[in-house]
Amino acid sequence: MEREVEMRRWKRGSSPSASPINTLDDGCLMHIFSFLSPIPDRFKTALVCHRWHYLALHRRLWLRVEPNRSSSSEPGVFTNLENAISAARPGDTILIAAGGSHVACNIQIQKPLCLMGGGVRPDDTILICSRGSDSALEFLSTCKVANLTVKAELGCCLLHRSGRLTIEGCVLQCEEDPLDYLSCPIVSTANKTNAFSSEVKGNGNSVSVARTRIEGGAKAVLTSGTLTLQRVRVICTRTALFFWFDVEH
């Protein structure tokens with residue numbers, strides 16, 4: 001009789017908390033979730049319940065860039081940003097350690113990623129693009145950059161080729177004098193994409209900037225495709241200008 005009741009309960013569908021897998025502690029569950037691909041499996045897992053949402057999106061599952069480590073034998077920890085991006089799976093978040101600076105020259109990103117600075121402020125985590133490089137980061141997929149400072153000696157900080165690029169709470173600095181006319185913090189070469197594919201697949205091209213300080217360069221944004229600057233908002237403080245704007249068709 002008890003067996004029949006249990007079977008009926010199983011067929012009706014029981015709550016996630018009643019599942020045997022939830023008897024595992026958080027560390028075991030998180031280890032299991034680490035084997036799932038971030039898109040779509042881990043994000044689907046996060047929809048199951050509050051506990052799974054917390055564990056599936058936990059910072060321990062992010063990749064980390066820590067250049068001061070003597071060895072990178074720990075899984076998910078890299079000594080430079082380029083290696084972390086190469087090893088990342090679509091949908092991964094890469095946390096870049098605060099303190100010091102990180103080299104970023106012509107790094108091409110062709111998969112959906114989120115790059116985040118590990119400091120309290122964007123000035124705590126700095127990416128340096130040396131002279132002679134076209135850009136620090138080149139984006140060919142939907143990505144997000146947050147809480148980072150990107151400095152380019154000559155060229156551009158962020159080069160947008162395609163996808164939806166979100167820049168939030170960052171500082172973008174370009175060479176000022178005497179070659180500022182050759183520098184531009186944000187460059188987009190993207191064109192307008194088909195409206196149908198944009199809505200269905202979410203692969204439209206655009207740049208969205210919020211709470212970002214832009215310094216140096218001839219222009220804040222340079223577009224050579226069909227995208228244009230829209231919805232510009234600026235807040236002026238004693239030391240800097242903070243921008244909110246979109247670049248889209």
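Reader: Which element supplies the largest share of the lining of the second largest pocket?

Author: The largest share comes from α3, with four residues. Helices (H or I, at least four residues) and strands (E, at least two) are DSSP runs, numbered from the N terminus. This is a predicted model, where local features need pLDDT of at least 70 and side-chain atom pairs count only at pLDDT 80 or more, while totals for chains, interfaces and linings use all residues. Residues are numbered from 1 along each chain as its sequence is written, and side-chain values use heavy atoms, with hydrogens and water left out.

Reader: How is a pocket defined here?

Author: On a 1 Å grid over the protein atoms alone, a pocket is an open set of points where a 1.4 Å probe fits, with protein on both sides within 12 Å along at least five of seven lines; lining residues have an atom within 4 Å of a point.

Reader: What volume does the second largest pocket have, and which residues lie nearest its centre?

Author: Its volume is about 250 Å³, taken as the space filled by probe spheres set on the points, with grid points joined across faces, edges and corners. Of its 17 lining residues, F43, G91, D92, T93 and C114 lie nearest the centre. At least two lining residues each come from α3, β6 (113–117) and β9 (143–146).

Reader: What classes do its lining residues fall into?

Author: Eleven are nonpolar, three polar and three charged. Ala, Val, Leu, Ile, Met, Phe, Trp, Tyr, Cys and Pro count as nonpolar, Asp, Glu, Lys and Arg as charged, and the others, Gly among them, as polar.

Reader: And the largest pocket: what is its volume, and how many residues line it?

Author: The largest pocket has a volume of about 430 Å³ and is lined by 19 residues, with S34, R60, L61, P75 and G76 nearest its centre. Its lining divides into nine nonpolar, four polar and six charged residues. Helix α2 gives the largest share, three residues, and β1 (63–65) also supplies at least two.

Reader: Turning to α2, which of its residues are buried?

Author: L29, M30 and F33 are buried in α2, which spans residues 26–33. Buried means under 20% relative accessible area, exposed over 50%, and partly exposed in between (1.4 Å probe, protein chains only). Seen down the axis of α2, these buried residues fall within an arc of 100°, so they line one face of the helix. The arc is that of the directions from the helix axis to the C-beta atoms.

Reader: What covers them, and which residue caps the N-terminal end?

Author: The cover includes α3 (38–45) and α4 (50–56). D25 is the cap, with a side-chain oxygen 3.2 Å from the backbone nitrogen of G27.

Reader: One more topic, backbone angles. What is phi of N147, and is N147 buried or exposed?

Author: Phi of N147 is near 55°, a positive value in a residue other than glycine. N147 sits in the loop between β9 and β10 (149–152) and is buried, at 16% relative accessibility.

Reader: What about R231: buried or exposed?

Author: R231 is exposed, with a relative accessible area of 53%. R231 belongs to strand β17 (residues 228–236) and has a positive phi of about 50°, although R231 is not a glycine.

Technical notes. Contact = heavy atoms within 4.5 Å. Polar contact = N/O pair within 3.5 Å; in protein donor to acceptor, adjacent residues only side chain to side chain.
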